[in-house]
Amino acid sequence: MHPSIISRLWGALFPGGQLRIRLVAAFLAIYICYIAKVIHEFDSHLPKDLDAENLSLLPPRDDKGDVSISVVTPSSRAPSEEITRQRSIVLLGPHERYNFGDLLFSKVLARLLEQRAGYDASRILYGGLVSINMTRFGGPSQVFSMKRIQSMSRNDALHGPYDIVYTGGEALGCNHDLGVEMMPTPELRQLAKKEKICDCAYLVPKKLLLPQKSIIESLLSIVDSFLSPPSNQNFAVVNSMGGYPPIKECRAAVSTADFIGYRDRDHLTPDSAIMTKELFSSEIEDTAKVILHELESFLQEVDQGRYIAVQHKIEGVDARILAQTLDKISRHLKAPIVFFAAGTAPKHDSFSVYDEVSSLMEERSFVYRSEHVLEVVALISKAVAVLGTSLHVRIMAFIHFKPRITWCSEMKHQKFIQLWDASDAPNCLKVNETLPILAKYVGASPEITMDKTVGVYEDSIQQYLSFFDSWSSKLIQKQNPVDPSHKL
């Protein structure tokens, strides 16, 4: 055939140039894969020249003919039997460093998943920028880098691909470079760079945990998605985060999440740290006894061991003004000051700053040097008042019904107070405004009591549990038997 005739015929069949050609080629490739899949499935149902003994030696195979240990065939169980989803779940957050709220999130979520959702502890994994043991800080004994988690998820035929929960805080605004800066040592910062798999530090898109596929497998997956729901779907959960909107590096994970809860905007749900007392009350009480014993010599001159718990981050501290203010508060409440840290990661709290403030004070003070999350919670739980710059110090004071003052520097403090704290609780204050407001909590007839706090706290607990149940029930749902031609 003459080349010009071929050219005109091609143009008539595929007008629109290269783009149209590529679209048609893609369609044909998908169609060919579909036909090959149908032929393969038909062939796989034909009788084989194998005796019963040989059949018993064959491993089960899925609908692509691949060896599979997760497929349950209809003949191997009763028709009414249910199949429970057995995916492992990854809690992803900054719990690879000592930061108060971030360690609380993972502790709360892990205990709820075990006690309320029925997860086995071995199926709950902790992901971060690096692999590390956080036991001495009250955190997980094994945090895996997300590079390691990715490899595990892709190769775990029984429990993968893993579901993922973005644990909370303000991870929406933390790219990988910022996450690296927060690592406490040069060695960990270097390791975090080496283990990078995503430009967002703590919001890794769920698709990165799926097994890698060849081009043909990807095309077959497209065909499968039209015929039946995907069998290898994993879920992603945004757990009571703040700091919306996400930066560009973190948008992909949020946009593909299946369940979303924010602590300060639509899809509103309380910060998960409010569950701390409900889930760890006995541990907190036992730890508090140990702490009070440690402070016994310092508190021996104080009636009933009273003290005021104080936390202040490095940024914005004026040691002299803070010391003068705390002297006045200590005299008014007749209680000494106990300083504590809500995080010693870079740009957080500093024991050396507390030492400086303490040295400038006239009244008695003590620097409590613990870097253990439940020890700090226990210290707060026994204080007569709690002052600080940390949002989660405010939340711990709230759930333990303590007089509380927050020296705010960010909108997240203001939003928590407006959305979740009691209506008579103090708003954001400056350091030199503290005493007149704190004085409203004391005296024979205090202006501010804990009555409203108790009611608001109980409502918040129920709201968070409702959110938790809404997504955890989907992750562990029992599925009814399906058509035998579909993969389970």
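**Asking the model how it knows**

Me: Lys334 is found in the loop between α12 (319–333) and β9 (337–339). What is the phi of Lys334?

Reply: This is a predicted model, so take the number as computed. Phi of Lys334 is near 55°, a positive value in a residue other than glycine. Most residues other than glycine have a negative phi.

Me: Is Lys334 called buried or exposed, and what makes it so?

Reply: The cut-off for exposed is over 50% relative accessible area. Lys334 has 65%, so Lys334 is exposed.

Me: Which loop holds His267, and what is its phi?

Reply: His267 sits in the loop between β7 (259–262) and α10. Its phi is positive, about 65°, and His267 is not a glycine.

Me: What about the peptide bonds: what makes the one from Gly160 to Pro161 cis or trans?

Reply: Look at omega: it is near -10° from Gly160 to Pro161, and the bond is cis. Pro161 lies in the loop between α5 and β5. There is also a cis bond from Tyr244 to Pro245, with omega near 5°. Pro245 belongs to the loop between β6 (236–241) and α9 (251–255). For context, most peptide bonds are trans.

Me: How do you know whether helix α10 is straight or bent?

Reply: Helix α10 covers residues 276–294, and a straight helix of 19 residues would span 27 Å at 1.5 Å a residue. The end C-alpha atoms of α10 span only 23 Å. The bend is about 55°, at Ser282.

Me: Which residues of α10 are buried, and what covers them?

Reply: The buried ones are Thr276, Lys277, Leu279, Phe280, Ile284, Thr287, Ala288 and Ile291. Their cover includes α4 (100–115), α14 (373–381), α15 (391–399) and α18 (451–475).

Me: In helix α5, how do you know on which side the buried residues are?

Reply: Start with the list: in α5 (residues 146–155), Met146, Ile149, Gln150, Met152 and Ser153 are buried. They take up an arc of only 170° around the axis, which puts them on the same side of α5. As for what covers the buried residues of α5, it includes β2 (89–92), β3 (124–128), β4 (143–145) and β5 (163–166).

Me: Why is the pair Glu283 and Arg111 called a salt bridge?

Reply: The nitrogen and the carboxyl oxygen must be within 4 Å. For Glu283 and Arg111 the closest N and O atoms are 2.7 Å apart, so the pair qualifies. Glu283 is in helix α10 and Arg111 in helix α4, so the bridge ties together parts that are 172 residues apart in sequence. Neither end is called buried, because buried needs under 20%: Glu283 has 24% and is partly exposed, and Arg111 has 23% and is partly exposed.

Me: What makes Arg263 and Glu170 a salt bridge too?

Reply: Their closest N and O atoms are 3.9 Å apart, which is within 4 Å, so the pair counts. It links distant parts of the chain: Arg263 is in the loop between β7 and α10, Glu170 in the loop between β5 and α6 (176–181), 93 residues apart. Arg263 is at 7% relative accessibility, under the 20% limit, so it counts as buried. Glu170, at 33%, is partly exposed.

Me: And at what N to O distance do the side chains of Arg331 and Glu363 meet?

Reply: At 3.0 Å, in a salt bridge. Arg331 lies in helix α12 and Glu363 in the loop between α13 (351–360) and β10 (365–367), so the bridge ties together parts that are 32 residues apart in sequence. Shared partners also occur: Glu170, Arg263 and Asp271 are joined by salt bridges into one network. The structure holds 13 salt bridges.

Me: Where does pLDDT stay under 50?

Reply: Over residues 40–83, for which the model has 40 contacts beyond four places in sequence, and over residues 478–488, with 22 such contacts. For the protein chain, the mean pLDDT is 84, and 76% of its residues reach 70 or more.

Conventions
Residues are numbered from 1 along each chain as its sequence is written. This is a predicted model: local features need pLDDT of at least 70, side-chain atom pairs count only at pLDDT 80 or more; totals for chains, interfaces and linings use all residues. Side-chain values use heavy atoms; hydrogens and water are left out. Helices (H or I, at least four residues) and strands (E, at least two) are DSSP runs, numbered from the N terminus. The expected span of a helix is 1.5 Å times one less than its number of residues. The bend at a residue is the angle between axes fitted to the seven residues ending there and the seven starting there. Buried means under 20% relative accessible area, exposed over 50%, partly exposed in between (1.4 Å probe, protein chains only). Contact means heavy atoms within 4.5 Å. The arc is that of the directions from the helix axis to the C-beta atoms. pLDDT is the predictor's confidence in each residue, from 0 to 100.
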